Number of protein chains: 2
Amino acid sequence: MDERQALAAFAALGQEHRLRVVRALVTAGPDGLAAGVLAETVGVAGNNLSFHLKELSHAGLITSRREGKSVIYNAAYAGLSDLVQFLMRDCCQGHPEVCNPAAAALAACDCTTVDALHA
Amino acid sequence: MDERQALAAFAALGQEHRLRVVRALVTAGPDGLAAGVLAETVGVAGNNLSFHLKELSHAGLITSRREGKSVIYNAAYAGLSDLVQFLMRDCCQGHPEVCNPAAAALAACDCTTVDALHA
DNA sequence: CCTACATATCAACTACTGTTGAAATGTAGA
DNA sequence: TCTACATTTCAACAGTAGTTGATATGTAGG
């Protein structure tokens, strides 16, 4: 992940409705949620939600698939992991255990097989 | 951490200059960096940087202390951890190992003693 | 094929955010 | 105390982002 992607992702998360969307999708897990359900959950008009979903999708934080009349959205767990790892990269000059056990745990974590679960 | 704090933090990180500041401070570690050094590193005018530092401080992502003529800034590692944990809370209905090993590692991580290192 | 449903697109408006330049505050040394 | 250095504050401007209402696309059932 480069700076541009990270900026887009953080900017996307820095908005009330979009943050709620991502949190709802993170909680929902692999089953995901339909756009209509999200609109109700988050409390935003459908057309407006579309705008935000596009933003999140473009930022690599969510994915979507059509299922009949509905479009189902999922959290992009790999994208979220990449984002956190970008933020914590080179923590304390590459010695994250010095300042932050959470960052150390993340850095040691191999997430390459994550998305296979959401096919 | 509640939604308001998380929104402020993500919005703060979604800005080029502020993201660079945080990354520089995360890399720098407990020693921190002076405002002037940050201004040069990030490539932004001093008065403008002040604006961004205030924003980051208010979002709980950095701390500051005066040291002679300079003001030294540090990454607030606990704040960063809280932010990530807020984002990943209740991942896959409380079973993060289902969707994201990184989130599981974070959830299992106890970071309460982190800030003692930066006193 | 026609209707209803689900989602997406577009243009216009409003409000906010980041930048700039000038000036103020605070700190240390001669 | 006077001067230089480091950082912050303030007001004004320019550009961007989010909302709204109207309209368009795509999908399933009668």
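1. Two strands are said to pair if DSSP finds at least two bridges between them. In this predicted model, strand β1 (residues 33-34) of chain B meets that criterion with strand β3 (residues 70-75) of chain B, the two pairing in the antiparallel sense over two bridges. Within this pairing, B:Leu33 has B:Tyr73 as its bridge partner in β3(B).

2. On the β2 side of chain B, strand β2 (residues 62-67) runs antiparallel to β3(B) and is joined to it by six bridges, and B:Ile62 has B:Ala75 as its bridge partner in β3(B). The hairpin formed by β2(B) and β3(B) has two residues between the strands, and in this hairpin B:Gly68 takes a positive phi near 65°.

3. Turning to chain A, an open sheet of three strands is arranged in the order β1-β3-β2, with antiparallel pairing. Because β1 (33-34) and β2 (62-67) of chain A stand at the edges and have a single partner strand each, one side of each is left without a neighbour in the sheet.

4. Over residues 1-95 of chain A, the chain is 60% helix and 15% strand, and the end C-alpha atoms are 20 Å apart.

5. The largest share, six residues, comes from α4(A). By residue type, the surface near DNA strand C divides into seven nonpolar, 11 polar and four charged residues.

6. A last point concerns B:Thr27, which is found in helix α2 (residues 16-28) of chain B. Is B:Thr27 buried, exposed or partly exposed? B:Thr27 has 17 other C-beta atoms within 10 Å, so it counts as partly exposed, given that a residue is buried at 20 or more and exposed at 12 or fewer. Leaving aside its neighbours within four places in sequence, B:Thr27 is in contact with A:Asp90, A:Cys91 and A:Gln93. B:Thr27 and B:Ala75 lie 48 residues apart in sequence, and their C-alpha atoms are 8.8 Å apart in space; B:Ala75 is also the bridge partner of B:Ile62.

Note on methods
Residues are numbered from 1 along each chain as its sequence is written. Chains are lettered from A and ligands numbered from 1 in the order in which they are written. This is a predicted model: local features need pLDDT of at least 70, side-chain atom pairs count only at pLDDT 80 or more; totals for chains, interfaces and linings use all residues. Helices (H or I, at least four residues) and strands (E, at least two) are DSSP runs, numbered from the N terminus. Ala, Val, Leu, Ile, Met, Phe, Trp, Tyr, Cys and Pro count as nonpolar, Asp, Glu, Lys and Arg as charged, and the others, Gly among them, as polar. Two residues are in contact if their C-beta atoms, placed from the backbone, lie within 7 Å.
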